[in-house]
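Me: I have a model open and would like to go through the terms used to describe it. Could you take my questions one by one?

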Amino acid sequence: MDTSNLTSLPEDTLEDNEQRAPQQPRPLSAFASRPDRPPTQTSSQKYSALDWKGFFDQEEDIRIPDSDDVFHVYTAGTEGPVVFCLHGGGYSGLSFALSASKIKEKARVVAMDLRGHGKSTTENETDLSIETMCNDVLAVVKAIYGDSPPAIVLVGHSMGGSVAVHVAAKRALCSLAGLVVVDVVEGTALASLIHMQKILSSRVHHFSSIEKAIEWSVRGGSLRNIDSARVSVPTTLKYDDSKKWYEGLSEKFLSCPVPKLLLLAGTDRLDRALTIGQMQGKFQMVVVRHTGHAIQEDVPDEFATLVTNFISRNRIGPRGVEIPGLRRPSQTNP
């Protein structure tokens with residue numbers, strides 16, 4: 001059999017090619033070659049956990065006097081008002097990690113693990129009533145700052161948004177200077193409560209590795225930003241929802257006597273009270289496009305910009321609203 005016309009295998013031509021004189025490369029066309037593909041990551045590399053230290057400055061356990069309750073908080077920044085972050089049910093304070101790394105350039109950030117979540121430990125982990133969780137927030141603020149807290153902007157996502165609204169409506173936080181509620185509206189929250197409970201009850205709670213848990217959260221659609229999931233997912237726990245978190249939420253939100261910002265993921269249904277309130281200019285609303293329910297995780301840079309712009313627009317400084325040219329009593333001459 002004549003084999004002179006058979007094409008050599010690639011392995012056979014390597015040595016021959018090395019011995020030949022180098023040839024001028026042919027001009028490349030858009031159809032003649034493909035760009036080199038970037039190196040691929042394995043699933044364990046892509047979904048590996050990230051350390052909180054790359055985003056927050058420190059973590060701390062806040063012990064509540066006269067109780068066995070210990071709340072875990074993450075902090076960042078050294079100047080400006082305090083952006084006090086409350087995560088949603090099933091999340092943790094690390095839900096705000098990526099956005100905190102941006103917000104801390106203009107304000108201080110405190111993100112706490114709520115009762116029954118993250119690294120916080122309490123006497124009664126199952127008591128997730130709105131009253132108890134509001135008292136938890138007030139107790140943590142007092143434990144950190146005493147009787148003279150700096151100006152605080154409460155930021156709450158989903159369940160944490162409801163807690164933030166109830167805390168603000170109590171008017172028990174003397175230094176409250178602003179309120180930011182992230183993707184929670186009374187009407188839609190109540191309408192979807194049963195569906196949400198079914199989803200939560202069917203969630204997988206045991207994984208062979210942290211990487212698998214992170215991958216499940218991203219592929220399942222609950223989070224869209226892989227880096228944020230790599231920080232926040234490892235500390236999340238199962239939770240139970242409560243109808244009382246959302247009943248009367250719209251009226252309480254509108255009654256809060258501070259500047260208010262409502263962030264929604266996509267177009268949401270405003271109830272009558274919120275629709276009228278928006279028309280009357282009682283709060284600012286921004287619809288954040290191309291994001292899921294966890295806006296602060298999916299688009300952390302945009303979220304951080306919205307929060308810092310809200311602070312600047314309302315002139316919220318470390319001691320509250322700052323009016324140019326107006327000196328505080330403590331600064332006046334005797």
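Me: Which two residues form the edge-to-face aromatic pair, and why is it called that?

Reply: They are Phe253 and Phe283, with 5.3 Å centre to centre and 70° between the planes. Ring centres must lie within 6.5 Å to pair, and planes over 60 degrees apart count as edge-to-face. A search of the whole structure gives four aromatic pairs.

Me: What makes this pair a tie between parts apart in sequence?

Reply: Phe253 sits in helix α10 (residues 249–255), while Phe283 belongs to the loop between α11 (272–279) and β8 (284–288), so the pair joins parts that are 30 residues apart in sequence. Both Phe253 and Phe283 are buried.

Me: Which residues do ring pairs link into a cluster?

Reply: Trp52, Phe56 and Tyr74 are linked in that way.

Me: What is the mean pLDDT of the protein, and where is the pLDDT below 50?

Reply: The mean is 80, and 70% of the residues reach 70 or more. Residues 1–21 are below 50, and beyond near neighbours in sequence this stretch has one contact in the model. Residues 326–334 are also below 50, with seven such contacts. Where pLDDT is low, predicted coordinates should not be read in detail.

Note on methods
Residues are numbered from 1 along each chain as its sequence is written. This is a predicted model: local features need pLDDT of at least 70, side-chain atom pairs count only at pLDDT 80 or more; totals for chains, interfaces and linings use all residues. Side-chain values use heavy atoms; hydrogens and water are left out. Rings of Phe, Tyr and Trp (its six-membered ring) pair if their centres lie within 6.5 Å; planes under 30 degrees apart count as stacked, over 60 as edge-to-face and the rest as tilted. Helices (H or I, at least four residues) and strands (E, at least two) are DSSP runs, numbered from the N terminus. Buried means under 20% relative accessible area, exposed over 50%, partly exposed in between (1.4 Å probe, protein chains only). pLDDT is the predictor's confidence in each residue, from 0 to 100. Contact means heavy atoms within 4.5 Å.
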